[in-house]
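Hi,

Here is the structure I promised to pass on. Have a look at it first, and then read my notes below.

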Amino acid sequence: MRPVTTKPALATLIAACTALLLPYASAASELPPCTPASAAQAHWEVSFKAACRDVNGQRAGGSQILHLVSHQGALYAANGYWMDAHNQRYGGADLGSGWAQVLRLAQPDGPWAVDLSLGPEHMRAELLTSVTFTQDAQGRPLAAPATRLLAATFDSGGLGGISIFMRDDNSGTWTRSAVIGGATGRRGEDNSVRTALVHRDRVTRREHLFLSVGVLGLFRADFEPGSPGRLVWSRTPEWVPERTRILGLAAADGALVVSDGQRVMRRIDGPMPRYEEIADFSRDMDARTPRETFSAIGGIRGLTALQGP
């Protein structure tokens, strides 16, 4: 939903109804078309209601919206099909649909449309973020900063590896690159892909994209416009958490900080980077919490840097 106002909207909210609460349609052709925003109640409009058929005949659905990101003049939403009757795990008949999508709103008074389908075994689009690169993989300055939209999730069985998707705003297409090719050796949330950002090492002056991959660690990539996937990934993680999956990543005072269960770690930049603990909130956790419960919770679930005086 988004506020109704005579001035430009300051924020947009989306409510995605679960397919369990809507008449079930097995094919996109049976769905109502995606329509522009319409009045819902005082001061609000419905911007998107799952499920509907977009302008290209694709099913725009999902049971949840996980991210909203403004990028290059458009608004993007990452959805998920957890507990959605259209997904095969919850009774869906089409094995090729009912998986995570990225939706796009080109203008405030227009309809939403499917911009990316992440494909089978990708239940939720856990990551959607806009990043800007200023260097190539050799550390050379780009002719102009390159701002790209990234989306990622994980194969819940762990057999399909970990991939990240990058949008080309000129063509409207997405390029897929493999962070981990093949089986990860882990299942479920241990593969969780939650956060990514670009950080420039204060010692080497090299710029890298960092991506959290569950308990497998913090992976690093360099931007290479001429490569097939546009990103050149490290073969091994730069850092591996000791306690549970990584859920928070931020840049604060020029440093990269990352969550590790109840702890916050800071990257010490240099040719051989290392990580040091800067905060431990273990005393705030109930010692009786079983490991499987704590793993699902994940400890510190996010980090945000605020500009201070």
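**Salt bridges and a disulfide**

Arginine 267 and aspartate 269 meet through their side chains in a salt bridge, at 2.6 Å from N to O. By salt bridge I mean a side-chain nitrogen of Lys or Arg within 4 Å of a carboxyl oxygen of Asp or Glu. Before going on, a word on the model: it is predicted, so local features need pLDDT of at least 70 and side-chain atom pairs count only at pLDDT 80 or more, while totals for chains, interfaces and linings use all residues. Residues are numbered from 1 along each chain as its sequence is written, and side-chain values use heavy atoms, with hydrogens and water left out.

Back to that pair: arginine 267 is buried, at 0% relative accessible area, and aspartate 269 is buried too, at 12%. (Buried means under 20% relative accessible area, exposed over 50%, and partly exposed in between, with a 1.4 Å probe and protein chains only.) Both residues belong to a network of salt bridges that also links Asp201, Arg202, Arg220 and Glu238.

Searching the whole structure turns up 17 salt bridges. Here are two more of them.

- Glutamate 121 pairs with arginine 89, with the closest N and O atoms 2.6 Å apart. Glutamate 121 sits in the loop between β9 (113-117) and β10 (127-135), and arginine 89 in the loop between β7 (74-80) and β8 (101-105), so this pair ties together parts that are 32 residues apart in sequence. Strands here are DSSP runs (E, at least two residues), numbered from the N terminus. Glutamate 121 is partly exposed at 26%, and arginine 89 is partly exposed at 39%.
- Arginine 243 pairs with aspartate 280, the closest N and O atoms being 3.8 Å apart. This pair links distant parts of the chain: arginine 243 is in the loop between β17 (231-233) and β18 (249-252), aspartate 280 is in strand β21 (residues 274-280), and they are 37 residues apart. Arginine 243 is partly exposed at 31%, as is aspartate 280 at 32%.

Cysteine 34 lies in the loop between β1 (2-3) and β2 (38-41) and cysteine 52 in strand β4 (residues 52-53), 18 residues apart. The link is right-handed, with 85° about the S-S bond. Cysteine 34 is buried at 11%, and cysteine 52 is buried at 5%.

Cheers

How values were computed
A disulfide is a pair of cysteine sulfur atoms within 2.5 Å. Helices (H or I, at least four residues) and strands (E, at least two) are DSSP runs, numbered from the N terminus.
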